[in-house]
Amino acid sequence: MSNPFKNIQGETAWRAPSNIALVKYWGKYGIQLPKNASISFTLNNAFTETSVKYVAKTTDDKQLDINFFFEGQENPKFADKIQKFLESIIPHFPFLPYFSLEINSSNSFPHSTGIASSASSMAALALCLTDIENALDGGLRPHEFFEKASMIARLGSGSACRSLFPYLSVWGKHTTIPFSSNEHGIPFHDTVHPVFKTFKDAILIVSSDEKSVSSRAGHALMDGNPFAESRYQQAETHLTNLVGYLKDGNLDKFGEIVENEALTLHALMMCSTPSYMLMLPNTLKIIDLIKNYRSEKGVPLYFTLDAGPNVHLLYPEENAAEVETFIRESLLMYCEQGKVIYDQVGKGPVKIK
Ligand code: PMV
């Protein structure tokens, strides 16, 4: 075999943010395809930066040749995951076996916080690979570029496909959302009230311990869950309604759906077989305090949860000062070593090299 990319080399680097779902994706089929459509805020401060150096091989070896470094160090566990992922996407990127790749990745947030980095890391890697393909073959228009990168990110970690777009993203076919697709995320901000484009997300770290049940296992348990079908219908309705509230800037109704989604996600875990629970006593304590604060002060502060015990506090930018005082005075004592990550809705990924 002579290498069709002989003498070609280069480097690309991207920063991609994490995202937090408002209507949750929980339950999948096929190759990372969602059972229901979901929508998320794209975050800003929690991000991964990944660079990929590529040098055309001079040998005929068709094995993938990858050197992976996480925060400047070799990391065999992550390297193994990346190797398997890259092998699985060769059909989408046939150039991969012709190059030696050096991948460097780092997160803006400490990895001991229990914040999942799979969304930002898979999005950043997918952007680098799509960028290399584009440099070699050319021809992708901007929306096609992000669509392909989103599809690739989805294959790495489902919800990662929503980390590619500014402000908000929808993933999954939905009857009322044009161009929505199970294959990739789409941008969703044209019909969103400005209040949501600067929304804050303070992530309260209740525990940074590794989850007792992975998201992969959790999705799989939806297959035997007696409430699965009604859940998928509920998600469809929630998204239809939320789209209207996002447009109108209706904070109360926004919060009602978002909080219901978070509790439904955890209720589904509790009624799976086997059942399990990822919320901790301090998760419930924080939720209770948020509800009391909201009704006493009339401040539009809402919570959501990922598949874990940490609590995301969502609030408008104009309420930041009072909410952050409340966090410091009344909530930090329920967090692990007082840990909180202050984040907000962001403009999506950026190319850094
Ligand atoms: O992308 P996964 O397979 O890690 O699943 C994540 C699912 C939730 O974070 C719980 C919800 C979501 O839509 O992000």
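How far is an oxygen atom of the ligand from an N or O atom in the side chain of Asp306? The separation is 3.0 Å.

This is a predicted model, in which local features require pLDDT of at least 70 and side-chain atom pairs count only at pLDDT 80 or more, whereas totals for chains, interfaces and linings use all residues. Residues are numbered from 1 along each chain as its sequence is written, and side-chain values use heavy atoms, with hydrogens and water left out.

**Ligand site**

The ligand is surrounded by 13 residues, and the closest are Tyr25, Ser159, Arg162, His219 and Asp306. A residue is counted here if one of its heavy atoms lies within 4 Å of the molecule. The table lists polar contacts, that is, pairs of N or O atoms within 3.5 Å.

| Side chain (N or O atom) | Distance to an oxygen atom of the ligand |
|---|---|
| Arg162 | 2.8 Å |
| His219 | 3.0 Å |
| Asp306 | 3.0 Å |

**Second largest pocket**

The second largest pocket has a volume of about 420 Å³. On a 1 Å grid over the protein atoms alone, a pocket is an open set of points where a 1.4 Å probe fits, with protein on both sides within 12 Å along at least five of seven lines; lining residues have an atom within 4 Å of a point. Grid points are joined across faces, edges and corners, and the volume is the space filled by probe spheres set on them.

Of the 23 lining residues, Pro178, Phe179, Ile186, Pro187 and Phe188 are the closest to the pocket centre. By class, the lining comprises 13 nonpolar, 7 polar and 3 charged residues; Ala, Val, Leu, Ile, Met, Phe, Trp, Tyr, Cys and Pro count as nonpolar, Asp, Glu, Lys and Arg as charged, and the others, Gly among them, as polar. Helix H3 (142-156) and strand S9 (185-187) each contribute at least two lining residues, and H3 provides the largest share, with 4 residues. Helices (H or I, at least four residues) and strands (E, at least two) are DSSP runs numbered from the N terminus.

**Glu183 and the cysteines**

Glu183 lies in the loop between strand S8 (168-171) and S9. Its relative accessible area of 40% makes Glu183 partly exposed, the class between buried (under 20%) and exposed (over 50%), with a 1.4 Å probe and protein chains only. The C-alpha atoms of Glu183 and Gly158 are 9.7 Å apart, at a separation of 25 residues along the chain.

The whole structure contains 0 disulfides, a disulfide being a pair of cysteine sulfur atoms within 2.5 Å. Cys161 is buried at 0% relative accessibility, and Cys335 is buried at 9%.

Definitions and conventions: A polar contact is a pair of N or O atoms within 3.5 Å; within protein, one must be able to donate a hydrogen and the other to accept it, and residues adjacent in sequence count only if both atoms are side-chain atoms.
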